[in-house]
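Subject: Handover of a structure

Dear colleague,

Please find the structure below, followed by an account of what was found in it. I would be grateful if you could read the account alongside the view.

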Amino acid sequence: MPLLINRQLVDQDPWLRVEDEQALPADGALLLPLARYLDQKDQLAGRQLGVLINGDDDINSVIAEIDKLQLVAIEIPAFTDGRGFSFARLLRRAGFNGQVRAIGDVSRDRLEFMERCGFDAYDIPDDRFKPEIIEAFDEISVDYQGAADDPRPLFRR
Amino acid sequence: MYQYTEVDQKLVDERVAQYRDQTRRFLAGELPDEEFRALRLMNGLYIQRLAPMLRVAIPYGLMSSRQLRKLAHIARTYDKGYGHFTTRTNIQYNWPTLESVPDILAELAEVQMHAIQTSGNCIRNTTTDPYAGVNANELEDPRPYCEIIRQWSTLNPEFAYLPRKFKIAVTGGPDDRAASQVHDIGLHLVKNDAGEIGFEVLVGGGLGRTPVIGKQISPFVAKHDLLTYLEAILRVYNLHGRRDNKYKARIKILVGALGVDKFREMVEQEWAQIRDSELKLTDAEIERIKGHFTPFDYDAGAVDNDLDAKLAADEDFRTWYERNTVNHKVAGYRIVVVSLKPYLKPAGDISDGQMDLVADLADRYSGGEIRATHDQNLVLADVKQGDLYALWQVLADNNLARPNIGTLTDMIVCPGFDYCSLANARTLNIADQINEKFEQVDYLHDIGNIRVNMSGCINACGHHHVGHIGILGVDKKGEDWYQLTLGGSSEADASLGKVLGKAVPADEVANTLEKLLLTYIELRDSEQESFLETVRRVGLDPFKESVYAPAH
Ligand code: SF4
């Protein structure tokens, strides 16, 4: 699955996604479901950790952990589900500097809004990926609202 | 009125290019139907029963003559020569082709217009009082705040995929001509004890399947806090609104489920985080936007005119004057309502020629500006009394001066089955039936103000719940039947109508209305008591009896 990070296509994804039932690999960066992370975080101290959340999770329980996390992956179950946009904003507002990755139903026409909300990485399904997708980030070059990179709305710039 | 900056212009231009590419990718098969659907809706394009329907935004109902001429041109060039004004003060075209929409949007961008967020699950066009800035009763002109909301909500990256559509209305004072209490958010300009201007905020009003009157979430939000407060509400809604059932996804359901106190607590908690953020409005910004809405240069000499002589000499003119014009805050001026409810034509429809004509009249008599109203009429807001007679003659010659504003035939009517793919029943034929029935009756003017609203299905685009008389089309085994409600209002005394009884067949709607009106005339305690007041005083029973009692 093509992965974009900071608008670049990367071929290596260091993150190992581990499901609830799966055994933990001995090393490498771990991407865990939120509940499992909360359960096992003490044993895992010192490792590179990321959590996988979806719209039903409580974002505040993730925000409480941000100094221990390097990645928050937000699952978008359907492209019409806009909760992830608010999640990304809240994570950045709380000062999270790690990667915020969109996974699931992620495709071209939402990338620009996602980036403005604070996402910087995107797992894009193969059938929805084309190299031109990168152009989506620059389709609208002006905006009124503050965004992840500059919190000032237009009237304060 | 507001004039675009370079940024505003660039945004709509780039949006046109973006949508052009989305249309191209869709036609090339690169964009799945379902995804293109969401994208085209956010550009106002529906696929209707007969053809696509394009809804163009008229922010808070205000247009320049140049813009209205462009709308006429679009009707002529891309449609069948007419457009339809909606209760959200937008205009709809019923016959454009999907392929031509990018070109239409490019034409709109030439005159600082667009179709952004006129549909879809996002923040829609903010509406306000069509008499904003010219009625003596308001605290302040609400339109600068509408423009501030327009900018904040336009292509807001966080709130483009809400659980459901989201509508905001703003009023400038105690009168409510914007149906603000049946909006997701209603904002009322108010003054606090310290004399500062701010907003009373209502949340969770709405019509549709579950009609609700909005509840107060804050008695006073200072004007500088407007956007932070709205953002807090929208964020709580975006995170917690239901997404599993589209009929339960509006904010009214969330507020109802949590209770307004709990909902308020969540909003206040979020607001505390952002209240003093960069989003807080500055004096400079409020003043900059207000600078676009400075009052006209009124002519003090306008009070000297021959209006009284004209009114005395011409009875038709006087009838029109009394019905279709409204007090202006400046002496010597009048607000004129251009009726889009002519005899036997769909409510809110207007031809390209009529649009050009109204644009010319606006240039000549009303500062070159036109407003669209929630009741689907147009307004020329700044007409000198001395010009009224000449203006009326031109309007009358062009079927735009039916003296029916606020009367029975000034109905709000959704397009119904003839155009809308969601409809259960036709509405336009029923509106015609009512017009035919009452065109000649002499007691019509006796009835005074009455609001009749009609919808073709429970989605309630015709706002039937808040009509003094509401008419809802229902489908009974393939036949159109109509359910009536009495006692609704969308004004400051907002209330939801109550169901009169079982539905009536299509050919009985006008007769039923007649029975209701005769009952009212019989029961009212004086000629001053309106239909709505009588219904509220005596209740539904006498009306039920008049309609359902077996004939003797
Ligand atoms: S009320 Fe129903 S029939 Fe009328 S326009 Fe809305 S969806 Fe269509």
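Around the ligand in this predicted model lie Cys414(B), Pro415(B), Gly416(B), Cys420(B), Leu422(B), Ala423(B), Ser455(B), Gly456(B), Cys457(B), Asn459(B), Ala460(B) and Cys461(B) (each with a heavy atom within 4 Å of the ligand). Eight residues of this shell are nonpolar, four are polar and none is charged (Ala, Val, Leu, Ile, Met, Phe, Trp, Tyr, Cys and Pro count as nonpolar, Asp, Glu, Lys and Arg as charged, and the others, Gly among them, as polar).

On the conventions, residues are numbered from 1 along each chain as its sequence is written, and chains are lettered from A and ligands numbered from 1 in the order in which they are written. Local features need pLDDT of at least 70, side-chain atom pairs count only at pLDDT 80 or more, totals for chains, interfaces and linings use all residues, and side-chain values use heavy atoms, with hydrogens and water left out.

The contact between the chains (heavy atoms within 4.5 Å) takes 34 residues from chain A and 45 residues from chain B. Together the two chains bury about 3,500 Å², 57% of it on carbon and sulfur atoms (accessible area, 1.4 Å probe, lost on being put together and summed over both). Arg93(A), Tyr144(A) and Phe155(A) supply 20% of the area that chain A buries against chain B, more than any other three residues.

The interface holds 10 salt bridges (a side-chain nitrogen of Lys or Arg within 4 Å of a carboxyl oxygen of Asp or Glu). One of them joins Glu270(B) to Arg93(A), with the closest N and O atoms 2.7 Å apart.

Yours sincerely
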